[in-house]
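Please walk me through this structure, part by part.

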Amino acid sequence: MLDNVNLADIQSRQWPQEVLEDVWGFLSEAFHKETTVLNTRISPENLKNLYVRGLSIVKFLHDEMVGHICAWPVADGFFEVGSVWVRPDLRTHGVGNSLFEEIKELAQLNNGIVFNITISPYALKAGARVDFNLHQDWAYPVPWHLTCAPCDLLPEKEKHSCPKRNISCWLRVMQHDKPRNK
Ligand SMILES: CC(C)(COP(=O)(O)OP(=O)(O)OC[C@H]1O[C@@H](n2cnc3c(N)ncnc32)[C@H](O)[C@@H]1OP(=O)(O)O)[C@@H](O)C(=O)NCCC(=O)NCCS
């Protein structure tokens with residue numbers, strides 16, 4: 001439902017634009033209610049840290065946070081785009097698409113391998129619009145320890161025969177528009 005909400009009032013913020021301290025706790029709690037988000041790293045401290053490093057984009061409706069996306073610097077030269085969230089009552093109106101469009105523009109990502117793993121068909125659609133291409137090899141160029149290993153949906157010993165891989169859990173690698181300097 002979109003009672004009394006003008007979508008044009010939803011604005012993006014990026015570092016160094018100010019964000020009040022309490023939003024990170026709010027966002028962390030919101031993530032914990034979602035079943036499609038990896039829960040191991042979304043502490044308020046980690047989320048704030050990414051923001052001040054210029055690695056996340058947040059959406060505000062007036063003073064309320066209503067959307068988030070970030071690029072986790074998971075290893076030297078590798079960024080995992082994820083922790084995507086839109087406030088439930090505002091979903092299906094294009095906010096998720098615009099989060100993916102905006103994260104793609106982050107200059108810091110230009111020289112890295114940028115990937116995304118999702119079990120959300122909606123995140124899958126939004127990522128496809130910005131050249132996140134499906135990738136069926138979960139060990140190269142993004143190494144296994146960055147793809148399946150961190151997953152908290154299955155115990156370690158079951159991961160190599162995970163029935164979800166490429167069926168209901170997707171790895172995508174972003175194709176860069178500009179040539180990389182590596
Ligand atoms: C994934 C998420 C961020 C998408 O946000 P959103 O604002 O609803 O996204 P959009 O409205 O831009 O929709 C993106 C695409 O998914 C489709 N979509 C979104 N919700 C849908 C629904 N309930 N039913 C059918 N299609 C849907 C849209 O039609 C759109 O596709 P299109 O561009 O081809 O038309 C949101 O659902 C969410 O926060 N989910 C919970 C957390 C999560 O799963 N995060 C992803 C982890 S990687």
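A residue counts as buried if 20 or more other C-beta atoms lie within 10 Å of its own, as exposed if 12 or fewer do, and as partly exposed in between, with C-beta atoms placed from the backbone. Keep that scale in mind for what follows. The model is predicted, so local features need pLDDT of at least 70 and side-chain atom pairs count only at pLDDT 80 or more, while totals for chains, interfaces and linings use all residues. Residues are numbered from 1 along each chain as its sequence is written.

Start with the sheet. Helices (H or I, at least four residues) and strands (E, at least two) are DSSP runs, numbered from the N terminus. Two strands pair if DSSP finds at least two bridges between them. Seven strands form an open sheet here, in the order S1-S2-S3-S4-S5-S7-S6, with mixed pairing. The edges are strand S1 (10-13) and strand S6 (132-134), each pairing on one side only. On average, neighbouring strands of this sheet are turned by 25 degrees against each other, direction ignored. Axes are lines fitted to C-alpha atoms, for helices over the stretch in contact, and angles run from 0 to 180 degrees between N-to-C directions.

Now follow the strands across. S1 and strand S2 (residues 56-61) run antiparallel and are joined by four bridges. Within this pair, Gln 11 has Phe 60 in S2 as its bridge partner, and Ser 12 has Lys 59. S2 then pairs with S3 in the antiparallel sense, over six bridges. Here Ile 57 is partnered by Ile 69 in S3. S2 and S3 form a hairpin with two residues between them, and His 62 in the turn has a positive phi of about 55 degrees.

The next pair has a hairpin too. S3 and S4 have two residues between them, and Gly 77 in the turn has a positive phi of about 85 degrees. Seven bridges join these antiparallel strands. Cys 70, for example, has Gly 82 in S4 as its bridge partner. From S4 to strand S5 (residues 113-118) the strands run parallel, joined by three bridges. Glu 80 finds its bridge partner in Phe 115 of S5.

How much of S4 is covered? Eight of its nine residues are buried. Ser 83 lies in S4 and has a positive phi of about 45 degrees although it is not a glycine. Ser 83 has 22 other C-beta atoms within 10 Å and is therefore buried.

Two residues are in contact if their C-beta atoms, placed from the backbone, lie within 7 Å. Helix H1 (residues 23-32) touches strand S3 (64-75) and strand S4 (78-86), and its direction makes about 80 degrees with that of S3. Val 23 belongs to H1. It is buried, because 20 other C-beta atoms lie within 10 Å. Helix H3 (residues 95-104) lies across S1, S2, S3, S4 and strand S7 (170-174), at about 40 degrees to S3.

H3 also meets another helix. Its partner is helix H4 (residues 121-128), packed at an angle of about 45 degrees with the axes 8 Å apart. Angles under 35 degrees count as roughly parallel, over 145 as roughly antiparallel, 65 to 115 as roughly perpendicular and the rest as oblique. H3 and H4 are therefore oblique to each other. In the contact, Gly 96, Asn 97 and Phe 100 of H3 meet Tyr 122, Ala 123, Ala 126 and Gly 127 of H4.

What lies inside? A nonpolar core is a set of buried Ala, Val, Leu, Ile, Met, Phe, Trp, Tyr and Cys residues joined through C-beta atoms within 7 Å. The largest one has 42 residues, and those with the most contacts inside it are Ile 69, Ala 71, Leu 99, Ile 103, Val 114 and Phe 115. S3 gives the largest share of this core, six residues. Not counting residues up to four places away in sequence, Ile 69 touches Ser 56, Ile 57, Val 81, Ser 83, Val 84, Leu 99, Phe 100 and Ile 103.

Pro 16, in the loop between S1 and H1, is joined to Trp 15 by a cis peptide bond with omega about 15 degrees. Pro 141 lies in the loop between S6 and S7, and the peptide bond from Tyr 140 to Pro 141 is cis, with omega near 0 degrees.
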